Amino acid sequence: MCADLVEIEWNDARGRVQHVVANLEDISALGACLQVEKEIPLRTTIRMSVAKKEYIGEVRYCVFREFGFFLGVQFEPGVKWTTRAY
């Protein structure tokens with residue numbers, strides 16, 4: 001478990017780039033869990049900046065819980081997080 005602020009961006013349905021700050025709840029070699037204030041559609045590709053590195057992944061779930069939306073993001077093939085990187 002971790003709790004850190006990260007920047008994420010994605011293109012909305014109209015192709016406009018959206019930027020938000022998310023709370024990084026958890027991260028593993030293949031994906032991450034993020035908390036955000038607004039819903040992001042399933043299958044949306046997001047770019048996440050963590051410790052000066054960029055991770056690209058796809059939203060696999062988005063559920064509302066008490067304080068916001070929790071996103072499950074699966075990193076693209078070949079994108080892996082390691083403890084050495086963060």
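Entry on the strands. I began with strand 1 (residues 4-11) and strand 2 (residues 17-27), and found that they run antiparallel and are joined by 8 bridges. I took strands as DSSP runs of E of at least two residues, numbered from the N terminus, and I counted two strands as paired if DSSP finds at least two bridges between them. Within this pairing, Asp 4 stands opposite Leu 24 of strand 2. I then looked at the hairpin of these strands, where 5 residues lie between strand 1 and strand 2 and Gly 15 takes a positive phi near 85°.

Entry on the source. I noted that this is a predicted model, in which local features need pLDDT of at least 70 and side-chain atom pairs count only at pLDDT 80 or more, while totals for chains, interfaces and linings use all residues. Residues are numbered from 1 along each chain as its sequence is written, and side-chain values use heavy atoms, with hydrogens and water left out.

Entry on another partner of strand 1. I found 4 bridges from strand 1 to strand 4 (residues 45-50), again in an antiparallel arrangement, and here Glu 9 has Arg 47 as its bridge partner. I also looked up Ile 8, which belongs to strand 1. Is Ile 8 buried or exposed? Ile 8 is buried, because its relative accessible area is 2% (buried means under 20%, exposed over 50%, partly exposed in between, with a 1.4 Å probe and protein chains only). I recorded a separation of 16 Å between the C-alpha atoms of Ile 8 and Val 79, which are 71 residues apart along the chain.

Entry on the rings. My search of the whole structure gave 2 aromatic pairs (ring centres of Phe, Tyr or the six-membered ring of Trp within 6.5 Å; planes under 30 degrees apart are stacked, over 60 edge-to-face, the rest tilted). Phe 64 and Phe 69 have ring centres 5.2 Å apart and planes at 65°, so I noted this pair as edge-to-face. Phe 64 is exposed at 55% relative accessible area, whereas Phe 69 is buried at 17%. I also saw that the charged end of Arg 65 sits over the ring of Phe 70, 5.3 Å from its centre (this asks for NZ of Lys or CZ of Arg within 6 Å of the ring centre and within 35 degrees of the ring normal).

Last entry. I placed Tyr 61 in strand 5 (residues 53-65), and Tyr 61 is partly exposed, with a relative accessible area of 36%.
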